[in-house]
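This report covers a helix pair, a strand with its partners, and a chain interface. The structure comes first.

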Amino acid sequence: MKFSKVKLLAGVAFAAMAIAGPSVAQEPVTITVWSIDGANQAGPSDTFSKEFNEQSTDIKVEYRTLKFDEIVNETLRAYATGSAPDIVSLDNPDFALFSSRGAFLDITDMVKNSDVINADAYFEGPLNSVTWDGKLYGVPKYTDTIGLFYNKDMLEEAGIAEPPQTWEEFEAAARKMAKPDQGIYGATLSARGNEEGTFQFLPVIQMSGGSYKDVNTEGAREWLSMVKGMIDDGVMSQDVLSLGQFDSTGTFNSGNAAMAISGPWEIERMVKDADFDWGVTLLPTFKEGDERSSALGGFNLGIMSTTKHPEEAFKVLEYFVSQDDRLFPEFGYLPARGDIELPETGVEKKDAALKVFQEQLKYAKPRGPSPVWQKVSKAIFDAEQAALTGQMTPDEALSQAQSTIDSVVQD
Amino acid sequence: MRRILSSITDGKGFDILLVSLTMIFLIVMAGLPLLYNVLMSFQQVDMFNLGTFSRPFIGLENYQDVISQPEFGLVMKNTAIFVFGSIIGQFCFGFALAIFFMAKFPFASTIRGLFLVSWVMPGLVVGALWGFILAGDYGVLNAILQALGVTNGTMFWKSDPNLSIWAVTIANIWLGLAFNMMLLSVGLAGIPGDLYEAAELDGANGWQRFSTITLPMMRATIGAVLALGLIYTLQQFDLFPAITEGGPANSSSVAQYWAWQWSFKLFDFAKGATVSVMMLIFVLIASIVYVWSTRHEVRG
């Protein structure tokens, strides 16, 4: 008897609260946001979600952090079972898997009428990665790219005045600076058998006139032979085939490689770890004045087409975009738009490096967009690895990749 | 009514109840997923029909596609190297250790117990450890080999296509060694000691005792160990992402890693299912060997 009394009282209390609630404010709409931000350190999406909740009464953001390796799988599964989030943030080459199938909401018209989001302000590369069939399916969150880091002390010691601007100069400089007996390599990069390998190798294909649909270019073949030669002669470690960009750049920071191909996410660590003078230059080209290219990294934000509250979700998206000027000062990410000035940090090397990367961003090209990007990417990094290990000649490897790509890309 | 009730509490009904519980568990947890997997390998699966059963049937197209991949032959070859290399390595070293620890010396059983540490450790941890050991420029194994003067150059275990599959195999041998040793030790302990004494009196030497007593008496155990080894090796997955990621250029990719790659990296769930159905056939053979070799075991 006692129990039922307590229950009754509780029930009355809840009912009272339920009645009192709506009279003060409307039931808030919940918008779920998925992103990888906040897994290791505070990132933009988790921070902005929290702040949004503090100032909003009618919309509540429910934020969930996922791991990089899991977010595409989780989103696929959630979409298939009808429990997809309202907004999800994906790596730019994974975006087309969803946008091409209409899993993201077409926001072309919403953006046109928006005072906050201006599609024209975005760099071409990032904007391409959220576009499918002429329609806009999301907004770029932030972006990054790759350039060439070089150890100024070693360059000086070898009597090289200027950092290499062509691949020929790159090879010559690397060979001159390598000291195999002291464990010092001339250069390092990442040719790992995953997206990182493609990220660094695709720009070479692009700057030699190719694209992800057309990989067997003369330049790409030349470049593979050049790098293979450097590996065979101990100018570059064979471990570039298994090292990710983070570990590969680590060998540069510790002074065991004189040059490294890597991106702006390394600047912070390099300022701390590298006890030598270093600089960044644009990714080399084949001949002076040739077409430039570089990789395009970074994440996008999109609204899933299954959302029940597209307008509220778009408001959240607008709030995120309105905070873009904080991306760099607070999180070290480069905004994907040209209308935001990056403030000087006062750290000389960092500011100089950022200028180079901002220049490099103009040449950054997206991977894809293609709904079968993952298969294309595997064909590209498999070819790179097969050629660099000598399992195949560059021509064999690239033409095999070409036939795989032809069989999966249908348009 | 009472007869049924009493049969459930004590009698045939009770037996049926126990068996059916197990059967339901097996069917739900293993049988249905297995059938679902086989079904999926004949269908076209994409993100729109992932959550439903009504998917277009495409016959053997998935199988044709998988077989015509340029890396198919390489993956099959690697799987064979990995499976047989691992089983032979685990079995030989495990057997040698088991016999070694049968000898009576101080702390023999304690040290044997310590070997189990490798079996208890999660595969990803073992993979990370071996990743450090097998690293190229700063690897432990290379430092040892160079100090011993075995090699002058650097062996790129993780980046050399001729070494990479062996790198993972070595790690897997280490991982499965303790399991093999324990099972074989149990088998050895089951051989009556007086057989050896009698043979010794008759003048049989060590090798003769091993080949005419130990091996024949261990036949059932050896069959079981090899069959279980095959199954455990075919499901060994953690070491691959942790050590080589199947690279360089698929030179250390095996069927189970490839199946995962199809499903969760390339998002082609049907092809992933296809590769695992192919593996199923191998496991089935191993299971038959296992059941056959343990058929003489006494059952209570």
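## Helix pair in chain B

Helix H14 (residues 255-264) of chain B and helix H15 (residues 269-293) of chain B have axes that come within 7 Å and cross at roughly 160°. H14(B) is therefore roughly antiparallel to H15(B), a term for angles over 145 degrees. Axes are lines fitted to C-alpha atoms, for helices over the stretch in contact, and angles run from 0 to 180 degrees between N-to-C directions. Helices (H or I, at least four residues) and strands (E, at least two) are DSSP runs, numbered from the N terminus.

Residues of H14(B) that meet H15(B) include Trp258(B) and Trp262(B), and those on the H15(B) side include Val275(B) and Met279(B); contact requires C-beta atoms, placed from the backbone, within 7 Å.

## Basis of the model

The model is predicted: local features need pLDDT of at least 70, side-chain atom pairs count only at pLDDT 80 or more, and totals for chains, interfaces and linings use all residues. Residues are numbered from 1 along each chain as its sequence is written, with chains lettered from A and ligands numbered from 1 in the order in which they are written.

## Strand E11 of chain A

In strand E11 (residues 299-303) of chain A, five of five residues are buried (20 or more other C-beta atoms within 10 Å of the residue's own). Phe299(A), Leu301(A) and Ile303(A) point one way, Asn300(A) and Gly302(A) the other.

Strand E3 (residues 87-91) of chain A pairs with E11(A) in the antiparallel sense over five bridges, and pairing needs at least two DSSP bridges. Asp91(A) is opposite Phe299(A).

## Chain interface

In chain B, 23 residues are in contact with 26 residues of chain A.

Technical notes: Buried ≥ 20, exposed ≤ 12 C-beta atoms within 10 Å, placed from the backbone. Contact = placed C-beta atoms within 7 Å. Parallel < 35°, antiparallel > 145°, perpendicular 65-115°, else oblique.
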